[in-house]
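Subject: Structure handover

Hi,

My notes follow below it.

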Amino acid sequence: MILQIIIGIAIGLIFGYALQRTGVTKYPRVTGMLLLKDFKILKFMLTAVTFSMIGFYTLGSLGVIELHPKPLDWGKVVGGLIFGIGMGLLGYCPGTLIARIGEAKKDAWVGLLGMVLGILFFAVNVKFFKTTLMTKNINGDISVVLGINQWVIVPIAALVFIGIIYLANKVDDFKKNF
Amino acid sequence: MKLKPTTQNGEWHWLTGGIVVSLLSIATYVLFEKLSYKDYPFGITAGIAYIAANFKYLFSSLAQNPVIQNNLTSPAAFVEFFMLFGIIIGAYLGAKQSKNYKPEVIPAIWEKYHGPNVWKRFAVVLVGGFCLGLGTMLAVGCTTGNILQGWAHLSLGSMVAGACFFIAGIIVAKILYPKTGGR
């Protein structure tokens with residue numbers, strides 16, 4: 001119990017600090033990215049994704065961890081779109097929303113309340129969602145779906161991510177707040 | 001491409017931030033797996049769902065709900081609940097240290113385009129938060145779970161979910177700030 005609390009706070013502390021220091025918690029950054037005007041978050045995110053991908057697949061191959069790719073169902077599409085609407089309206093995603101509370105941005109508390117209500121709405125209607133959107137799913141393991149060895153896919157994915165970072169960086173060379 | 005650890009405005013370079021978060025993400029995943037919290041690799045949602053689950057003490061009809069029960073008994077949700085406190089403290093320390101700690105009720109740019117009305121912003125934020133909460137439950141993960149973790153696992157579901165986050169987000173942002181559409 002105490003261990004869980006300490007682990008939780010320690011992980012969160014590093015995450016919140018890194019998010020804040022990188023500047024990805026800023027409202028103009030999140031909205032600026034959605035307006036395709038400021039790609040710092042995208043570059044930050046894809047850097048993290050690329051490094052962790054190599055880490056996860058290496059550790060997975062060594063048998064240290066087991067990867068759990070998330071399967072594809074309609075919930076991913078519908079939920080993803082609803083989430084995107086929320087992100088656009090709010091200008092934060094859940095992680096940055098929580099970080100904004102630490103930065104004393106009062107509207108983040110209202111966002112948290114909204115999230116709790118949204119989760120409760122899901123919980124109350126869970127039967128409906130589970131029987132409609134979240135029924136049939138496709139295996140999430142992309143190397144199984146495509147039938148290609150994961151060590152062929154990982155370098156390709158890394159190159160795609162790095163390519164996007166490179167392009168975003170080209171666009172991003174001048175500073176703009178909308 | 002400048003590869004300095006910090007940029008002129010005192011922020012970390014995106015490369016620095018990205019590497020720190022990737023190391024944290026991997027370490028958290030390994031740790032959770034060793035503690036056998038299999039279903040919840042590094043995320044935010046479960047922690048907020050843990051708060052939502054405690055509403056069963058207010059509304060007794062929620063007590064039998066499978067989602068509520070699941071989040072109250074899952075050790076990962078408990079850990080992620082305390083992660084929220086960590087994030088709040090971490091962001092506070094980061095803001096203080098970089099002399100960026102500026103309390104505000106609504107974002108300055110919002111005020112510039114949509115006026116200083118606090119309730120208007122709060123209403124939009126409440127609806128936005130509701131969408132985030134519902135969407136994250138349907139898509140089984142938020143930006144942290146589906147992109148930072150899901151894309152790194154090359155999960156088909158997360159790829160689609162993440163793409164949908166951006167498609168809808170871009171459309172809504174363009175509607176909210178139509179005048180900034182052209183450069």
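I start with the largest cavity. It is lined by 17 residues. Nearest its centre lie I41(A), M45(A), C93(A), T96(A) and T143(B). Please keep in mind that this is a predicted model.

The volume of the largest cavity is about 210 Å³. A search of the whole structure turns up 3 cavities of 30 Å³ or more.

Which elements give two or more residues to the lining of the largest cavity? From chain A they are helix 1 (2-22), helix 2 (27-34), helix 3 and helix 5 (94-102), and from chain B helix 7. Helix 7 of chain B gives the most, with 4 residues. By class, the lining of the largest cavity has 13 nonpolar residues, 4 polar ones and no charged ones.

- Helix 3 of chain A uses M45(A), L46(A), A48(A), V49(A), S52(A) and F56(A).
- Helix 7 of chain B uses T143(B), I147(B), L148(B), Q149(B) and W151(B).

By class, the residues of this contact are 8 nonpolar, 3 polar and no charged.

Now chain A as a whole. How many helices and strands are there in chain A? There are 9 helices and 0 strands. From the N terminus on, the order is α-α-α-α-α-α-α-α-α. The C-alpha trace of chain A spans about 50 × 50 × 40 Å along its principal axes. Chain A has 178 residues, and buried ones make up 59% of them. Take the contacts in chain A between residues at least 6 apart in sequence: 62% of these join residues at least 24 apart.

Is Q4(A) buried or exposed? The cut-off for buried is under 20% relative accessible area. Q4(A) has 17% relative accessibility, so it counts as buried. G140(A) is 136 residues away from Q4(A) along the chain, and their C-alpha atoms are separated by 29 Å.

Best wishes

Note on methods
Residues numbered from 1 in each chain as written. Chains lettered and ligands numbered in written order. Predicted model: local features only at pLDDT ≥ 70, side-chain atom pairs only at ≥ 80, totals over all residues. Heavy atoms only, no water. Contact = heavy atoms within 4.5 Å. Nonpolar A, V, L, I, M, F, W, Y, C, P; charged D, E, K, R; others polar. 1 Å grid on protein atoms, 1.4 Å probe; cavity = no way out; pocket = protein on both sides within 12 Å on 5 of 7 lines; lining within 4 Å. Points joined across faces, edges and corners; volume = space filled by probe spheres on them. Buried < 20%, exposed > 50% of the residue type's maximum accessible area, 1.4 Å probe, protein only.
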